[in-house]
Number of protein chains: 2
Amino acid sequence: MGINERKEKQKAELKHLILEASVKLFSEHGYDGFSMRKIADMIEYSPTTVYLYFKDKNEILFELHEIGFRKFEESNRDLLTIKNPLLRLHKMGENYIKFGLENPDYYDLMFLLPAPMEFIDQVNNIEWDGGDKALTALKGLIQECIDKKLIKPGDVNAIAMGIWGMVHGLVSLKIRHRCDKLIKEEDIIPTMYQSLNWMINVLEVD
Amino acid sequence: MGINERKEKQKAELKHLILEASVKLFSEHGYDGFSMRKIADMIEYSPTTVYLYFKDKNEILFELHEIGFRKFEESNRDLLTIKNPLLRLHKMGENYIKFGLENPDYYDLMFLLPAPMEFIDQVNNIEWDGGDKALTALKGLIQECIDKKLIKPGDVNAIAMGIWGMVHGLVSLKIRHRCDKLIKEEDIIPTMYQSLNWMINVLEVD
DNA sequence: TTGATAACTTAACACTGTTAAGTATATTTG
DNA sequence: CAAATATACTTAACAGTGTTAAGTTATCAA
């Protein structure tokens, strides 16, 4: 059915258009400047049309959060060149912090804002793919470090959550301006990397 | 001036009433269920009256965030009984996590939501007292641990941010539902404490 | 040509934070 | 004591938000 196919294509095109506008709007104005009506304005359709392609605002934010995870994975491609798993773990931490600092709005969506998780919660049989992949990679790497006796042994899950928790904590304290009044502006980012550095050092076997 | 005094008192009373209603509203319905109009409804005044006592919504949220910090300090009183600084550090971490899990809405305000920091930003000559006290206490404790050769030496600021980052990261990943799809529900909280445990162990001198 | 379907819009609901302008009461001043 | 002023509060409105029920228009099949 050539006609139906073309129709499907057209529907997909508008959906794509909405998403493109959403990315632009979100990238330029962040979560606060993001609204259904503004998306509609950008693509020159009425606000209600957007609801024919997406269930609600959370679904769009969920899609954007997935784009964020794709960006994040790309930013981690340089890890493949590092043979030593401990060095790779260190670099992974640095990449995580760097990604958060360079893409605070996407980071917000991926790890801080309720919206994407609310969407996952409302739709059945849907997993948190982005987070799952990232944590699985981290756990694998930690296991490798333990196997090669580069770090002190321990429960992989606890270690993984501890390391993730730390870098996430640092990035979100920075993003949410909880360091501004406590650390000299120019020292904030260096201190974050120093903290990571310290952590990698203490968990190393002597 | 007896009359002026009575007036001052009355003004202060209504301000107190607004704050009381705010605490109740926020405690029962969290940030999302919190609005200026609802506060006004509760105290049976018009919404605009609230603005005669507080600059804006952020100011009220700032006050609530300070109440949160007072609760937090109270929850840390049991630390005084612990002589060994390393054990005290461990307990401090546990208290932090426990506080976050038991008071997710106040935690939100204290460390996750932009509102209180936006208020601080707009008002000049105001510091982030709650955060400052907490971090100072943490740094002092770490210094004590280093002095007594209980943990490996290193930059106190980096270590403090690292530890704070970790517990904050864990709590906020939990609060913002980033663990739900990655860890079995009943394992989430135990894993958090295990992570802390692991961290304290690795930083100990052998 | 009629009837159905799909795509889209209008108008509205129920909210939000915030402000300009108005009112009524109490206090101070001439 | 009467007029002016200051205080405390309210009404009404602005400009926005997400979302939905109902209506319109155009396209396609019978």
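Me: A nonpolar core is a set of buried Ala, Val, Leu, Ile, Met, Phe, Trp, Tyr and Cys residues joined through C-beta atoms within 7 Å. How many residues does the largest one have, and which of them have the most contacts inside it?

Reply: The largest nonpolar core has 104 residues, and Val167(A) and Val167(B) have the most contacts inside it. Buried means that 20 or more other C-beta atoms lie within 10 Å of a residue's own; a residue with 12 or fewer is exposed, one in between is partly exposed, and C-beta atoms are placed from the backbone. This is a predicted model, in which local features need pLDDT of at least 70 and side-chain atom pairs count only at pLDDT 80 or more, while totals for chains, interfaces and linings use all residues. Residues are numbered from 1 along each chain as its sequence is written, and chains are lettered from A and ligands numbered from 1 in the order in which they are written.

Me: What is Val167(A) in contact with, leaving aside its neighbours within four places in sequence?

Reply: With those neighbours set aside, Val167(A) contacts Gly93(A), Tyr96(A), Ile97(A) and Leu196(A). Two residues are in contact if their C-beta atoms, placed from the backbone, lie within 7 Å.

Me: Stepping back, how many helices and strands are there in chain A?

Reply: Chain A has 10 helices and zero strands. Helices (H or I, at least four residues) and strands (E, at least two) are DSSP runs, numbered from the N terminus. The C-alpha atoms of chain A fill a box of roughly 70 × 45 × 30 Å along the principal axes. Of its 206 residues, 35% are buried. For contacts between residues at least 6 apart in sequence, 67% join residues at least 24 apart.

Me: And at what angle do H5(A) and H8(A) pack?

Reply: Helix H5 (residues 85-102) of chain A packs with H8(A) at an angle of about 145 degrees, and their axes are 9 Å apart. Axes are lines fitted to C-alpha atoms, for helices over the stretch in contact, and angles run from 0 to 180 degrees between N-to-C directions.

Me: Left-handed or right-handed crossing?

Reply: The crossing of H5(A) and H8(A) is left-handed; that is, the near helix is turned anticlockwise from the far one by less than a right angle, whereas clockwise would be right-handed.

Me: Which residues meet there, in H5(A) and in H8(A)?

Reply: From H5(A) come Pro85(A), Leu86(A), Arg88(A), Leu89(A) and Met92(A), which meet Leu138(A), Leu141(A), Ile142(A), Glu144(A) and Cys145(A) of H8(A). By class, this contact has eight nonpolar, no polar and two charged residues. Ala, Val, Leu, Ile, Met, Phe, Trp, Tyr, Cys and Pro count as nonpolar, Asp, Glu, Lys and Arg as charged, and the others, Gly among them, as polar.

Me: Now the protein interface: how many residues of chain A are in contact with chain B?

Reply: Contacts join 39 residues of chain A to 38 residues of chain B. On the chain A side, two or more residues each come from helix H6 (104-112), helix H7 (115-122), helix H8 (129-147), helix H9 (156-175) and helix H10 (185-203). H9(A) gives the largest share, 13 residues. By class, this side has 20 nonpolar, 12 polar and seven charged residues.

Me: Is Arg37(B) buried or exposed?

Reply: Arg37(B), in helix H2 of chain B, is exposed because it has 10 C-beta neighbours inside 10 Å.

Me: One last topic, the backbone: what is phi of Lys149(A)?

Reply: Lys149(A) has phi near 55 degrees, a positive value in a residue other than glycine. Lys149(A) lies in the loop between H8 and H9 of chain A, and counts as exposed because 9 other C-beta atoms are within 10 Å. Asn125(B), also not a glycine, has a positive phi of about 55 degrees.
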